[in-house]
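Subject: Structure handover

Hello,

Here is the structure I said I would pass on. My notes on it follow below.

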Amino acid sequence: MTSPVIAAVQAAERGELDRTDAVLGVAPDDVEHLLHAQMTDGPSAPVAAHGVAASPGAASGRVCLSVDAVLDADDEGIPSIFVRPFTTPADEVAMSAAAAIVTAKGGMASHAAVIARGWGIPAVVGVETLAMDVAAGAARLGDVELRDGDPITVDGSAGTIMLGASELGEVEIPDEMFTLLRWADELRGGRLVVRANADDAFSARLARQFGAAGVGLCRTEHMFLGGRLPLIQRAITDGGRASLDALVEVQVNDLVELLEVMDGLPVIVRLLDPPLHEFLPDHPELAEENPMLGVRGARLGVLRPELYRAQAAAAAEAAARRVAAGGDPRMQIMVPLVVGGPELAHVREAVTDELAGYESRLGGRSIPVGAMIETPRSALAAAEIAGSADFLSVGTNDLTQMTFGFSRDDIESRIMRPYIEHGLLAANPFETLDETGVGRLVADAVSGAHAARPGIEIGVCGEHGGDPASIAFWALAGVDYVSCSPHRVPVARLAAAQAVIGSA
């Protein structure tokens with residue numbers, strides 16, 4: 001069957017459609033379907049379990065219940081399905097090698113889901129019928145025992161798991177997709193720019209190939225995963241000069257590569273926002289009753305200003321090296337999880353003091369400092385925050401969690417399905433923006449910030465930045481750009497054009 005994308009482009013090239021009708025006639029799902037592997041003849045076995053469809057695409061491989069099992073399979077060249085109760089930064093060495101990821105807990109904004117989407121790995125999370133005994137290396141999927149090596153198939157688009165292997169089709173992206181997206185960008189006319197969430201040069205390179213107009217979110221804590229995890233752990237717990245220097249050295253090298261890939265395009269680097277229960281699970285003295293509302297983001301910067309100073313120096317050093325190499329770095333720094341103007345001004349002072357020492361090496365370039373709007377209070381206080389910010393970016397994952405009072409790691413697998421079935425919610429708010437509550441906060445934030453500081457750039461960097469249904473709202477709300485995982489960039493480019501055309 002001919003893809004609707006190919007059919008639309010060919011019809012326009014024959015003169016049967018104009019380009020606007022071709023762009024409007026293709027569903028964003030039709031583009032997404034081209035980007036991920038699918039089962040050639042549908043499921044080859046009955047669905048054994050359902051979960052949250054966290055990252056699209058299908059994969060078939062052998063069950064791996066531990067990091068070592070995934071690495072062993074990778075050494076043998078055998079696709080693996082990494083099965084865990086939930087994932088943490090320590091699991092990422094295995095996640096990067098796996099063909100797909102399955103977890104018992106979590107939702108669309110959980111660690112497993114965010115990382116899988118960023119890397120283009122199929123994932124199903126929040127599988128209630130999955131029970132694991134990690135210490136014993138045992139798992140059950142409903143009444144079926146899962147053992148290392150068992151064949152299994154995962155459909156991250158449908159949120160389903162099947163026992164046994166399935167045939168998968170090859171991913172072949174047609175030239176027509178890029179043609180259609182080029183037309184979409186032209187019709188968008190510079191409005192609602194699409195950037196990417198990218199934490200390393202590999203992701204940034206993929207995002208640029210897919211047409212991203214810069215990096216809207218580089219999460220610096222994600223630079224210190226797998227074997228690098230001790231670096232960030234020592235920097236937080238010790239904070240001595242040697243620990244900070246080690247962190248800076250790694251970050252400078254990574255940012256130089258990222259800036260090189262995105263040369264001439266903006267790169268927004270978010271300062272550390274590491275939930276302590278994920279990054280420091282073996283430090284009970286730092287345990288918090290509600291870690292997602294604990295010492296994170298700007299709060300960490302207030303308590304440990306030397307961390308943010310070190311990161312600011314790393315960002316400026318990376319930009320200076322690119323200038324010296326003849327590049328055109330467009331570095332920006334973002335402070336996460338702010339709650340008000342005085343807090344941002346306090347953190348910003350430490351950051352800008354550090355940046356001042358690099359002015360002579362930046363060739364006249366400035367490094368703007370902005371803030372994330374991701375708490376209800378920051379949305380309501382956006383006018384105040386804008387007074388100390390060069391730009392704002394809405395982080396919809398945390399904003400949705402805090403507005404609803406829904407734990408983004410726990411609620412989706414247990415509550416979301418019955419709430420939607422009973423009509424208590426129209427859609428999963430972690431997938432599609434809740435316009436009634438969260439959307440109103442965003443609209444108030446945008447209007448307040450623009451009133452206080454006309455022309456201030458405002459973007460969206462939560463997962464809703466790549467959701468076609470949410471993008472229509474962003475066009476009406478007046479944000480300047482959306483940022484999403486690299487594999488969602490093509491989908492977002494088409495949806496953004498359709499939204500802009502629809503709002504004209």
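To start with a strand pair, Met 132 has Ala 139 in β8 as its bridge partner. This is a predicted model, in which local features need pLDDT of at least 70 and side-chain atom pairs count only at pLDDT 80 or more, while totals for chains, interfaces and linings use all residues. Residues are numbered from 1 along each chain as its sequence is written, and side-chain values use heavy atoms, with hydrogens and water left out.

β7 and strand β8 (residues 138–141) run antiparallel and are joined by four bridges. Strands here are DSSP runs of E with at least two residues, helices are runs of H or I with at least four, and both are numbered from the N terminus. Two strands pair if DSSP finds at least two bridges between them. β7 and β8 belong to an open sheet of three strands in the order β7-β8-β9, with antiparallel pairing. Its edge strands, pairing on one side only, are β7 (130–133) and β9 (144–146). On average, neighbouring strands of this sheet are turned by 25 degrees against each other, direction ignored; the axes are lines fitted to C-alpha atoms, for helices over the stretch in contact, and angles run from 0 to 180 degrees between N-to-C directions.

The chain as a whole

There are 21 helices and 19 strands in the chain. The C-alpha trace spans about 65 × 60 × 50 Å along its principal axes. Of the 504 residues, 57% are buried, where buried means under 20% relative accessible area, exposed over 50%, and partly exposed in between (1.4 Å probe, protein chains only).

Strand β15

Strand β15 (residues 330–335) has five of its six residues buried, so it is largely enclosed by the rest of the structure. Strand β14 (residues 266–270) runs parallel to β15, with five bridges joining the two; in this pair, Val 267 stands opposite Met 331 of β15. β15 also pairs in the parallel sense with strand β16 (residues 369–373), over three bridges. Met 334 has Gly 370 in β16 as its bridge partner.

The loop between β15 and α14 (341–355) contains Leu 337. This residue is not a glycine, yet its phi is positive, about 55 degrees. Leu 337 is buried, at a relative accessible area of 0%. Leu 192 also has a positive phi, of about 50 degrees, without being a glycine. It sits in the loop between α7 (175–188) and β12 (193–197), and its relative accessibility of 3% makes Leu 192 buried.

Helix α6

Eight of the nine residues of α6 are buried, so to speak a mostly covered helix. Among the buried ones are His 111, Val 114, Ile 115 and Arg 117. Gly 120, which follows α6, has a positive phi near 75 degrees.

Pocket and cavities

The largest pocket holds about 470 Å³ of space. On a 1 Å grid over the protein atoms alone, a pocket is an open set of points with protein on both sides within 12 Å along at least five of seven lines, a cavity is a set where a 1.4 Å probe fits but cannot get out, and lining residues have an atom within 4 Å of a point. Grid points are joined across faces, edges and corners, and a volume is the space filled by probe spheres set on the points.

The largest pocket is lined by 22 residues, the closest to its centre being His 277, Met 292, Ser 407, Asp 409 and Asp 410. The elements giving two or more residues to this lining are α6 (111–119), α11 (276–279) and α17 (396–404). By class, the lining has seven nonpolar, eleven polar and four charged residues. Nonpolar covers Ala, Val, Leu, Ile, Met, Phe, Trp, Tyr, Cys and Pro, charged covers Asp, Glu, Lys and Arg, and the others, Gly among them, are polar.

Four cavities of 30 Å³ or more turn up in a search of the whole structure, and the largest cavity holds about 350 Å³. Of its 27 lining residues, Val 114, Arg 219, Arg 270, Asn 397 and Arg 408 lie nearest the centre. At least two lining residues each come from α6, β13 (215–219), α11 and α17. The lining of the largest cavity has eight nonpolar, eight polar and eleven charged residues.

Regards
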